[in-house]
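Here are my notes on this one, point by point. Have the coordinates open while you read.

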Amino acid sequence: MTGGSDLEAEIKSLETLGLGDLRSIWAVHFGPPPKLRSEELLALMLAWRLQAEVLGGLSPETRRLLRRRGAIAPEGRALGDGAILRRDWRGRQIEVVVRADGFCWDGKTYPSLSAIARAATGTRWNGPRFFGLREDAP
């Protein structure tokens, strides 16, 4: 790839590809693809990586600013130590207590609400969405 219109055309073509084709392109350029099942997310990640490869990625200043920002606390932590989140799931109430070191459910501390949602339901969930902290919550 040389950039310019070639890069634009390659990125535009990603929109029409299925998961298998996106994974194949990723493998050619970057090695084993991430274990994603979302065509949309993989296409976005691939587009960014292709652009970064050609155009140089993040500037040193942006990298410095991101490092300075530090780790991002999991969503839900801002509710404060001791806050309780409840969700009824298939006839069972799931109650989570927000702690300074994570989220407590069923006698265990988890690093994120998503980890609890997965443990409670057996499927992958966005934890903040599962517990109603997002507008598009169930």
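1. Which residues are buried in α2? L19, L22 and W26 are. Before going on, a reminder that this is a predicted model.

2. Now look down the axis of α2. The buried residues of this helix fall within an arc of 65°, so they line one face of it.

3. Just after α2 comes G31, with a positive phi of about 95°.

4. On the overall layout, the chain has 6 helices and 4 strands. What about the overall dimensions? The C-alpha trace spans about 55 × 35 × 25 Å along its principal axes. For 138 residues, a compact globule would have a radius of gyration near 14 Å, but this chain has 20 Å. Buried residues make up 26% of the 138 residues.

5. Two further totals for the chain. Of the contacts with a separation of 6 or more, 31% are between residues 24 or more positions apart. The accessible surface comes to about 9300 Å², and carbon and sulfur atoms account for 51% of that.

6. How many aromatic pairs does a search of the whole structure find? There are 6. One of them joins W89 and F130, a tilted pair at 5.5 Å centre to centre with 55° between the planes. This pair links distant parts of the chain: W89 sits in strand β1 (residues 84–89) and F130 in helix α6 (residues 127–130), 41 residues apart. Both W89 and F130 are buried.

7. F130 also pairs with F131. Their ring centres are 5.0 Å apart and their planes are at 85°; anything over 60 degrees counts as edge-to-face, so that is what this pair is. The cut-off for buried is under 20% relative accessible area. F130 has 1%, so it is buried, and F131 at 7% counts as buried too. Taken together, ring pairs link W89, W125, F130 and F131 into a cluster.

8. Then the backbone at R90, which is worth a look. R90 is not a glycine, yet it has a positive phi of about 50°. Where is R90? It lies in the loop between β1 and β2 (92–99). Is its side buried or exposed? With a relative accessible area of 75%, R90 is exposed, because the cut-off for that is over 50%.

9. D106 is placed in the loop between β3 (102–105) and β4 (108–110). At 65% relative accessible area, D106 is exposed.

Technical notes:
Residues numbered from 1 in each chain as written. Predicted model: local features only at pLDDT ≥ 70, side-chain atom pairs only at ≥ 80, totals over all residues. Heavy atoms only, no water. Buried < 20%, exposed > 50% of the residue type's maximum accessible area, 1.4 Å probe, protein only. Helix = DSSP H or I, 4+ residues; strand = E, 2+ residues; numbered from the N terminus. Arc of directions from axis to C-beta. Rg over C-alpha atoms; globule rule 2.2 N^0.38 Å. Contact = heavy atoms within 4.5 Å. Areas by Shrake-Rupley, 256 points an atom, 1.4 Å probe, with all protein chains shown as cover. Phe/Tyr/Trp six-rings, centres within 6.5 Å; stacked < 30°, edge-to-face > 60°.
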